[in-house]
Amino acid sequence: MSLDHVSALVSILGDESRILTHPQMVERLSRDFYWYSPVLRKQLDGKVGDFVVQPLNAGEIQKVLRYCQLEGVPVTARGAGTGNYGQAVPLHGGVVLDLARMDQIESIGSDGVAVCQPGVRLGRLETEARKLGWELRCYPSTIVKASVGGFLGGGSGGIGSVAHGGLRDFNTVRALEVVTMEAQPRVVFHEGDAVHDILHAWGTNGIISRIWLALAPAVEWSQCVVAFDRFDAAFDFSERMATDASWNKRLVTAFEWPIPSFFTPVKQYAPEGKHLIFFLVSAQQLAMMEEAARQAGGAITYSGAYAGLRTLPLLSDYTWNHTTLWALKTDPAYTYLQCGFDPATVRDQMRRLRERFDHEILFHMEFMKNGSGQVVPGAIPLVYYTTEERLNEMIGFCREIGVFVANPHVNNVEGGGRYRADNVQLLAKMRYDPKGLLNPGKMITFRAEAVAATDSTR
Ligand code: FAD
């Protein structure tokens, strides 16, 4: 760490308490949940920033970025550090820009649009929105901890996506402001299609400093667990509920046994050997849904009101990528994939995976609406990890049989499966971060020399 940089930034911000240099603190704020992946664990263990800076507003971000641009110091943005792919882990030291203190909700309008700073925790936004008759359209299962800025920077969807699609669909992110890392950093407003320049770019092409997020009208939800003797029956019923638009739901997750056995705190709702579905459905439709489940051969092992994020049990705590966490607690050899199955051939795809890999892969299905409005079977299957070769063989086989894989075992935007084919994220990086100092190494198609060459021909 260069002490010169620290003292320069202390005098720029005029507040020593917001520059953190204690090695343990810096290490903690340089990590995320990359260790879910045995492949990333090898690559990223020990990578840390040099020190942490905690801005309070966009003006301070501009000042920090101006200094770092001039001095050639890398800057890695951090929300709450709950990302899974080492997105927030600095590969080349430098500043960890911790946005947790930028946590103001500016407004939640009668039009259902929240305006907030990036460090606002999603759980707080959900709670405040519900007081006013709104709720998040979609959120990760890490809602309590994760930040709005980090969700835009590195997340994709989650609970609610079965009804409202992912974060990048249906104009959910109405607009954002982003601070550039030019010699004179600007605050640039992006709205409509232009938000995609910045979404899911892992903080490589600007620092999001303000967000306009569209909400949905709040619903009174209920939770329900249904158990089936056979996984195909559980999957059929979950698919029927997910794809039938007359059911008002926020979550439809199907787990094959033994996954439910990993959910220690809710074991009493997971009978031995049974395959489960976890639902969040409108309270009004609960009784009707339970009846439909019984007719399909299911048994209701739990149902109850949902009263916000403090509800116990909170079924969403076992879904999306929390499922992997429970598996890892049971056996550290588990890891995961992120898949999109073909709605027309999903059963055949699952059969072929089972034939080829037996119980090395365990099915955990999540439904989500895609950008064209079709509800499709996504999945975050568990994988019993043995070697990287075997994992890659599984990924290769998935792709061979038409299963889309957003590979969670790579540490760059391009490899993760959500990179835009039209290169808008890269083009924004070339404009906003010509020296390549924002989260360097994570957008591998970027070449600072290419920007310099373009500039010299202008
Ligand atoms: P961070 O991890 O801090 O950052 C994520 C990325 O965004 C990093 O690249 C960072 O540099 C960048 N970033 C942060 N703030 C900014 C900013 N202001 N401007 C620009 N870039 C920024 N994800 C899902 O999408 N759906 C899920 O259901 C889901 N479930 C999860 C379950 C578990 C148990 C875990 C560990 C992770 C899960 N995730 C999920 C991943 C992660 O929790 C979410 O994507 C979350 O929204 C990330 O928010 P964060 O504040 O922790 O971001």
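# A tour from the ligand outward

Start at the ligand and select glycine 83: one of its polar backbone atoms is 2.9 Å from an oxygen atom of the ligand. Keep in mind that this is a predicted model.

**Stop 1: the ligand**

A polar atom of the threonine 82 side chain lies 2.6 Å from a ligand oxygen atom. An N or O atom in the side chain of serine 147 is 2.6 Å from an oxygen atom of the ligand. How much of the ligand does the protein bury? Taken alone, the ligand exposes 970 Å², and the protein buries 97% of that.

Next, show the whole shell. It holds 36 residues, of which Ala77, Gly79, Thr82, Ser147 and Gly157 come nearest. Colour the shell by class. You will find 14 nonpolar residues, 21 polar and one charged. Then colour by element. β3 (75-78), α6 (148-154) and β10 (207-217) each give the shell at least two residues. Which element gives the largest share? Select α6: five residues of the shell come from there.

**Stop 2: helix α1**

Move to helix α1, residues 3-13. Select His5, Val6, Ala8, Leu9 and Leu13, the buried residues of this helix. Turn the view to look down the axis of α1. The buried residues fall within an arc of 165°, so they line one face of the helix. The reason lies in helix geometry. An α-helix has 3.6 residues a turn, so residues three or four places apart point the same way.

On the other side of α1, pick out Leu3, Asp4 and Ser11, which are exposed. Now find the partners of the buried side. The buried residues of α1 pack against β1 (19-20), β2 (51-53), α4 (58-71) and β4 (95-98). Follow the chain out of α1. Glycine 14 comes after the helix and has a positive phi, near 65°.

**Stop 3: glutamine 54**

Go to the loop between β2 and α4 and select glutamine 54. Is glutamine 54 buried or exposed? Glutamine 54 counts as buried because its relative accessibility is 8%, and the cut-off for buried is under 20%. Show its side chain together with that of aspartate 98. A polar contact of 2.9 Å joins the two. Beyond four places in sequence, glutamine 54 touches Ser17, Arg18, Leu20, Glu60, Asp98 and Arg101. Valine 96 is 42 residues away in sequence, yet its C-alpha is 8.5 Å from that of glutamine 54.

**Stop 4**

Jump to helix α9, residues 286-295. Its buried residues are Leu286, Met289, Glu290, Ala292 and Ala293. They cover an arc of only 160° around the axis, which puts them on the same side of α9. Ala287 and Gln295 are exposed on the face turned away from that buried side. What covers the buried residues of α9? The cover includes β11, α8 (231-243), β13 and β14 (299-305). After α9 comes glycine 297, with a positive phi near 95°.

Now step across to β11 (221-228) and select serine 222. Serine 222 is buried, at 5% relative accessible area. Its contacts beyond four places in sequence include Leu286, Val281 and Ala305.

**Stop 5: the loop between β12 and β13**

Select glycine 273, in the loop between β12 (249-255) and β13 (275-282). Glycine 273 is partly exposed, with 30% relative accessibility. Leaving aside residues within four places in sequence, glycine 273 is in contact with Asp229 and Trp257. The C-alpha atoms of glycine 273 and aspartate 4 are 61 Å apart.

Proline 258 lies in the loop between β12 and β13 too. The peptide bond from tryptophan 257 to proline 258 is cis, with omega near 15°.

**Stop 6: backbone details**

Select proline 313, in the loop between β14 and α10 (322-330). The peptide bond reaching it from leucine 312 is cis, with omega near -5°.

Next is phenylalanine 170, in the loop between α7 (161-164) and β8 (173-179). Phenylalanine 170 is not a glycine, but its phi is positive, about 55°. At 38% relative accessibility, phenylalanine 170 is partly exposed.

End on histidine 200, between β9 (187-191) and β10. Histidine 200 has a positive phi of about 55° and is not a glycine. Histidine 200 is buried, with a relative accessible area of 9%.

Technical notes: Residues are numbered from 1 along each chain as its sequence is written. This is a predicted model: local features need pLDDT of at least 70, side-chain atom pairs count only at pLDDT 80 or more; totals for chains, interfaces and linings use all residues. Side-chain values use heavy atoms; hydrogens and water are left out. Helices (H or I, at least four residues) and strands (E, at least two) are DSSP runs, numbered from the N terminus. Buried means under 20% relative accessible area, exposed over 50%, partly exposed in between (1.4 Å probe, protein chains only). Contact means heavy atoms within 4.5 Å. A residue is near a molecule or strand if one of its heavy atoms lies within 4 Å of it. A polar contact is a pair of N or O atoms within 3.5 Å; within protein, one must be able to donate a hydrogen and the other to accept it, and residues adjacent in sequence count only if both atoms are side-chain atoms. Accessible areas come from the Shrake-Rupley method with a 1.4 Å probe; for residues, only the protein chains shown count as cover. Ala, Val, Leu, Ile, Met, Phe, Trp, Tyr, Cys and Pro count as nonpolar, Asp, Glu, Lys and Arg as charged, and the others, Gly among them, as polar. The arc is that of the directions from the helix axis to the C-beta atoms.
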